[in-house]
Amino acid sequence: MARTIYRCVRDGTVSLATAPEPGSRCEAHEVADVPGKPANLWGNFGVFSGTLYEREQNGRLVYSTRNLPGSRVFLKFTVETPPGEAAHPGLGRVGAPRLDAFDAQFRTAARATGVDEAWLRAIAHAESGFDANAVSPKGALGVMQLMPAVAAELGVADPLSAAQSIDGGARHLRMLLRRFDGDRTLAAAAYNAGIGAVALHGGVPPFAETRHYLDKVQALYLRYREAMGFKPERPAR
């Protein structure tokens with residue numbers, strides 16, 4: 001069993017909700033519905049206690065860890081999110097951020113495309129571990145693991161060139177973000193499984209590999225943001 005949980009960010013605070021929160025930037029995540037073992041979508045906040053609130057939104061009951069107007073207390077909780085640990089399987093070895101790997105190329109590609117640099121680095125880290133010579137069993141190549149057809153479409157002459165791969169990957173991610181109205185979760189799912197798979201399933205495909213990939217990218221994204229000096233997010237109250 002799985003359910004959709006929205007990770008919503010507003011003013012540097014994070015909440016989890018069963019529907020997008022008005023006024024927040026929310027991303028949908030498909031997570032395993034395991035009683036007593038919530039998905040670690042907050043980030044690495046250590047052990048903290050919070051409140052799950054209930055309210056009506058668009059004619060139905062929704063639940064959120066943010067106290068929005070019209071909310072009432074549903075239950076209190078304590079959750080543990082220790083560094084490097086996942087509350088559900090699939091993250092594998094995430095690893096520490098590597099800001100030294102192709103630093104100039106990532107900065108240049110992010111500026112040229114408008115793609116969040118921390119997210120671009122997280123995708124590369126998850127895809128290849130910054131190995132410019134990486135070749136996957138499916139034939140994906142280089143730092144950004146571009147499939148040959150995608151590389152050709154992007155005009156990437158040498159996918160094993162780190163600069164060309166990072167530039168092409170950033171442009172591909174920009175296109176995916178535009179296609180999915182800025183939803184990084186769907187864009188990353190399409191990067192991993194293909195646009196066709198996301199379209200066919202009307203959202204994140206039900207592939208364990210893709211869902212584990214999204215978890216890993218999200219964990220890495222938070223680590224790269226922190227390593228790059230952005231103010232860490234904190235749980236909403």
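## A residue to start with

Where does Gln 145 lie? In this predicted model, Gln 145 sits in the loop between H2 and helix H3 (148-154). Gln 145 is worth a look for its backbone: its phi is positive, about 50 degrees, although the residue is not a glycine. With a relative accessible area of 10%, Gln 145 is buried.

Phe 102 also has a positive phi, of about 50 degrees, and is not a glycine either. You will find Phe 102 in the loop between strand E6 (72-81) and H1.

## The chain as a whole

Let us step back to the overall layout. The protein chain holds seven helices and seven strands, and along the sequence they follow the pattern β-β-β-β-β-β-α-α-α-α-α-α-α-β.

Of the 237 residues in the chain, 49% are buried. Among contacts with a separation of 6 or more, 55% are made by residues 24 or more positions apart.

## Helix H2 and its surroundings

Helix H2 covers residues 117-128, which is 12 residues. From its first C-alpha to its last, H2 reaches 16 Å, close to the 16 Å expected at 1.5 Å a residue.

H2 is mostly covered, with 11 of its 12 residues buried. Among these buried residues are Trp 119, Leu 120, Ile 123 and also Glu 117, Arg 121 and His 125. What do the buried residues of H2 pack against? Their partners are helix H1 (103-113), H4, H5 and helix H7 (208-227).

H7 has 20 residues and spans 29 Å from first C-alpha to last, close to the 28 Å expected at 1.5 Å a residue. Since 14 of those 20 residues are buried, H7 is largely enclosed by the rest of the structure. After H7 comes Gly 229, whose phi is positive, near 95 degrees.

How do H2 and H7 cross? Their axes come within 8 Å and cross at roughly 130 degrees, which makes H2 oblique to H7. The crossing of H2 and H7 is right-handed. On the H2 side, the contact includes Trp 119, Ile 123 and Glu 127; on the H7 side, it includes Tyr 213, Leu 220, Tyr 221 and Tyr 224. By class, this contact of H2 with H7 has 10 nonpolar, one polar and four charged residues.

## The pairing of H4 and H5

Two packed helices are described by the angle between their axes and the distance between the axes. Helix H4 (residues 162-179) and helix H5 (residues 184-193) pack at an angle of about 125 degrees, and their axes are 9 Å apart. H4 and H5 are therefore oblique to each other, and their crossing is right-handed.

Which residues of H4 meet H5? They are Gly 169, His 172, Leu 173, Leu 176 and Leu 177, and in H5 they meet Arg 184, Ala 187, Ala 190 and Tyr 191. Sorted by class, the residues of the contact of H4 with H5 are six nonpolar, two polar and one charged.

Methods. Residues numbered from 1 in each chain as written. Predicted model: local features only at pLDDT ≥ 70, side-chain atom pairs only at ≥ 80, totals over all residues. Heavy atoms only, no water. Axes fitted to C-alpha atoms, helices over the stretch in contact; angles between N-to-C directions. Helix = DSSP H or I, 4+ residues; strand = E, 2+ residues; numbered from the N terminus. Parallel < 35°, antiparallel > 145°, perpendicular 65-115°, else oblique. Left-handed = near helix turned anticlockwise from the far one by under 90°. Contact = heavy atoms within 4.5 Å. Nonpolar A, V, L, I, M, F, W, Y, C, P; charged D, E, K, R; others polar. Expected span 1.5 Å × (residues − 1). Buried < 20%, exposed > 50% of the residue type's maximum accessible area, 1.4 Å probe, protein only.
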